[in-house]
Amino acid sequence: MKTYIIVGGSKGIGNAIVNELSEAHKIINISRTAPEMEHPNVTHHTCDILKDDLPDIEEVDGLIYCPGSINLKPISRLSLDDFQNDFEINVLGAVKSIQKYLPQLKKGKNPSILLFSTVASKLGMPFHASVATSKSGVEGLVKSLGAELAPTIRVNAIAPTVTDTALASKLLRNEKMIENITERHPLKRLLNPKEVAATATFLLSDKAASFSGQIFEMDCGIVSFKI
Ligand SMILES: NC(=O)c1ccc[n+]([C@@H]2O[C@H](COP(=O)([O-])OP(=O)(O)OC[C@H]3O[C@@H](n4cnc5c(N)ncnc54)[C@H](OP(=O)(O)O)[C@@H]3O)[C@@H](O)[C@H]2O)c1
């Protein structure tokens, strides 16, 4: 049994990861609201990553950082505050979590860190300037820390396309929008949080001992193929 800290396990992809990992592992969730589930292996700490001190935790084998943003506007309507807010939640929150738990991770059992990027870092899309800039920072962090912390701690990221969570709800407001977005993907589907959680579980596991510094595109073909 390992101990995983999940920042942002109350909802969305993070919550699916909590559900998947909690059968076999101890989970410490950190978010502003508690997950809507109770499990003997899950402990919750209420904390705003941008404002509060993170709780002291003695043993950590893995860290997953899930908070992010989808703030889509034309560049003329994106303020510098938008860019700063996106950088804070996507990059600085991850840095703060990693710095806090690095000493414990270094002593962990085959430890690893998992962050989240987006397909918009690789695929240029209108109105994504702010989030793509921040998530490119996340990808730089993965590469840099993967090298710096090798061979002790593995560092990877998943870059999902649109996933059915609260964060993406504005993009998936009605059937027509869902159909349009689905149709743009060569595999003619979107992601659900459970399948992202399955990839996360693999990347955190000892079966992924050879992977570090990698960005795993879960793109339903939108970055990989032009059909
Ligand atoms: N969904 C998509 O379509 C999509 C696409 C590409 C990339 N991604 C990336 O995938 C990751 C997960 O996305 P998601 O859709 O699962 O997001 P989500 O539904 O918004 O869930 C985010 C989680 O982070 C927590 N959180 C947010 N702000 C926080 C803060 N200040 N302090 C502490 N916890 C905070 C939330 O909990 P509380 O509200 O309880 O604090 C929640 O548990 C993100 O990095 C996102 O950018 C998502």
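Leaving out neighbours within four places in sequence, Phe211 is in contact with Arg154, Asn156, Phe202 and Phe216. Contact means heavy atoms within 4.5 Å. Phe211 sits in the loop between α5 and β7 (214-218). Its C-alpha atom is separated by 8.1 Å from that of Val155, although the two residues are 56 apart along the chain. With a relative accessible area of 30%, Phe211 is partly exposed. Here buried means under 20% relative accessible area, exposed means over 50%, and partly exposed is in between (1.4 Å probe, protein chains only).

The model is predicted: local features need pLDDT of at least 70, side-chain atom pairs count only at pLDDT 80 or more, and totals for chains, interfaces and linings use all residues. Residues are numbered from 1 along each chain as its sequence is written, and side-chain values use heavy atoms, with hydrogens and water left out.

**The chain as a whole**

Five helices and seven strands make up the secondary structure of the chain. Both are DSSP runs, numbered from the N terminus: helices are H or I with at least four residues, strands are E with at least two. From the N terminus on, the order is β-α-β-β-β-α-β-α-β-α-α-β.

How far does the C-alpha trace span along its principal axes? It spans about 45 × 35 × 35 Å. A compact globule of 227 residues would have a radius of gyration near 17 Å, and the chain agrees, with 17 Å. That radius is taken over C-alpha atoms, and the globule rule is 2.2 Å times the number of residues to the power 0.38.

Buried residues make up 51% of the 227 residues. Take the contacts between residues at least 6 apart in sequence: 67% of them join residues at least 24 apart. The accessible surface comes to about 11600 Å², and 54% of it belongs to carbon and sulfur atoms. These areas come from the Shrake-Rupley method with a 1.4 Å probe; for residues, only the protein chains shown count as cover.

The chain has 25 positive and 25 negative charges, and their mean positions are 4 Å apart. Lys and Arg count as positive, Asp and Glu as negative; His and the chain ends are not counted. Each charge is placed at NZ of Lys, CZ of Arg, CG of Asp or CD of Glu.

**The nonpolar cores**

A nonpolar core is a set of buried Ala, Val, Leu, Ile, Met, Phe, Trp, Tyr and Cys residues joined through side-chain atoms within 4.5 Å. The largest one has 30 residues. Ile5, Ile30, Leu63, Tyr101, Ile113 and Leu115 have the most contacts inside it. At least two residues of this core come from each of β1 (3-7), β2 (26-31), β4 (62-65), α2 (80-106), β5 (112-116), α3 (129-149) and β6 (154-160). Which element gives the most to this core? It is α2, with seven residues. Another core lies apart from it, with 22 residues, among them Ile13, Ile158, Leu203 and Leu204.

Beyond its neighbours within four places in sequence, the contacts of Leu63 include Ile5, Val7, Ile98, Tyr101 and Ile113.

Phe116 belongs to strand β5. Is Phe116 buried or exposed? At 7% relative accessibility, Phe116 counts as buried. Leaving aside neighbours within four places, Phe116 has contacts including Ile13, Tyr65, Val138, Ile158 and Pro160.

Pro160 is in strand β6. Pro160 is buried too, at 10% relative accessibility. Leaving aside neighbours within four places, Pro160 is in contact with Ile13, Phe116, Ser117, Thr118, Val119, Leu191 and Met218. Lys96 is 64 residues away along the chain, and its C-alpha atom is separated by 23 Å from that of Pro160.

**Backbone exceptions**

Most residues other than glycine have a negative phi, and most peptide bonds are trans.

| Residue | Phi | Relative accessibility |
|---|---|---|
| Phe127 | about 75° | 48% |
| Lys188 | near 55° | 43% |

Phe127 is in the loop between β5 and α3, and counts as partly exposed. Lys188 is in the loop between α4 (175-184) and α5 (193-204), and counts as partly exposed.

A cis peptide bond joins Ala150 and Pro151, with omega about 0°. Pro151 lies in the loop between α3 and β6.
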